[in-house]
Amino acid sequence: VRESAGVDAYVVLADPEQEAAAAAVAQTLRGAGHRVLTSLSPAKIAKQFQSAEQCGARFAVIVGSEFPDLTLRDLRDRSERSVPCDRVVEVFAEIL
């Protein structure tokens with residue numbers, strides 16, 4: 001049981017060349033039943049993190065030049081971990 005009806009994750013695009021990958025990650029998480037938001041227009045990373053916090057997202061999923069590895073940042077305690085793209089749904093199932 002989830003603790004709130006808020007946003008589970010906000011996908012942050014850190015490398016504009018990975019825009020398609022970021023959209024795919026968001027869609028994969030949504031397909032697994034998670035509430036996911038992304039920026040609808042190109043924005044600086046700091047602005048994306050600000051949007052993530054404003055919408056109450058629990059995690060930021062950072063898609064950058066390290067893709068297919070993602071960075072998963074807990075927006076409550078600021079901890080980060082690297083997660084392979086093909087395990088992101090599994091990891092979310094463990095932590096939410």
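**Exercise 1.** In this predicted model, find which residue just after α1 takes a positive phi, and state its value.

*Solution.* Just after α1 comes G33, and this residue takes a positive phi of about 95°.

**Exercise 2.** Work out whether the distance between the end C-alpha atoms of α1 agrees or disagrees with the span that its 13 residues should have.

*Solution.* Begin with the expected value: at 1.5 Å a residue, counted as one less than the number of residues, the 13 residues of α1 should span 18 Å. Then turn to the model, where the end C-alpha atoms of α1 are 18 Å apart, so the two values agree.

**Exercise 3.** Determine which residues of α1 are buried, which are exposed on the other side, and what the buried ones pack against.

*Solution.* First, with buried taken as under 20% relative accessible area, the buried residues of α1 are A21, A22, V25, A26 and L29. Because they cover an arc of only 140° around the axis, they lie on the same side of α1. Next, the other side of α1 holds E19, A20 and G31, which are exposed. Finally, the partners of the buried residues of α1 are the strands β1, β2 (36–38), β3 (59–63) and β4 (69–74), together with the helix α3 (88–95).

**Exercise 4.** Describe the lining of the largest pocket, and say which element supplies the largest share.

*Solution.* The largest pocket, with a volume of about 350 Å³, is lined by 17 residues, and L13, E19, S39, S41 and P42 lie nearest its centre. By type, the lining divides into 11 nonpolar, four polar and two charged residues. At least two lining residues come from each of β1 (9–13), α1 (19–31) and α2 (45–54), and the largest share, five residues, is that of α1.

How values were computed. Residues numbered from 1 in each chain as written. Predicted model: local features only at pLDDT ≥ 70, side-chain atom pairs only at ≥ 80, totals over all residues. Heavy atoms only, no water. 1 Å grid on protein atoms, 1.4 Å probe; cavity = no way out; pocket = protein on both sides within 12 Å on 5 of 7 lines; lining within 4 Å. Points joined across faces, edges and corners; volume = space filled by probe spheres on them. Helix = DSSP H or I, 4+ residues; strand = E, 2+ residues; numbered from the N terminus. Nonpolar A, V, L, I, M, F, W, Y, C, P; charged D, E, K, R; others polar. Buried < 20%, exposed > 50% of the residue type's maximum accessible area, 1.4 Å probe, protein only. Arc of directions from axis to C-beta. Contact = heavy atoms within 4.5 Å.
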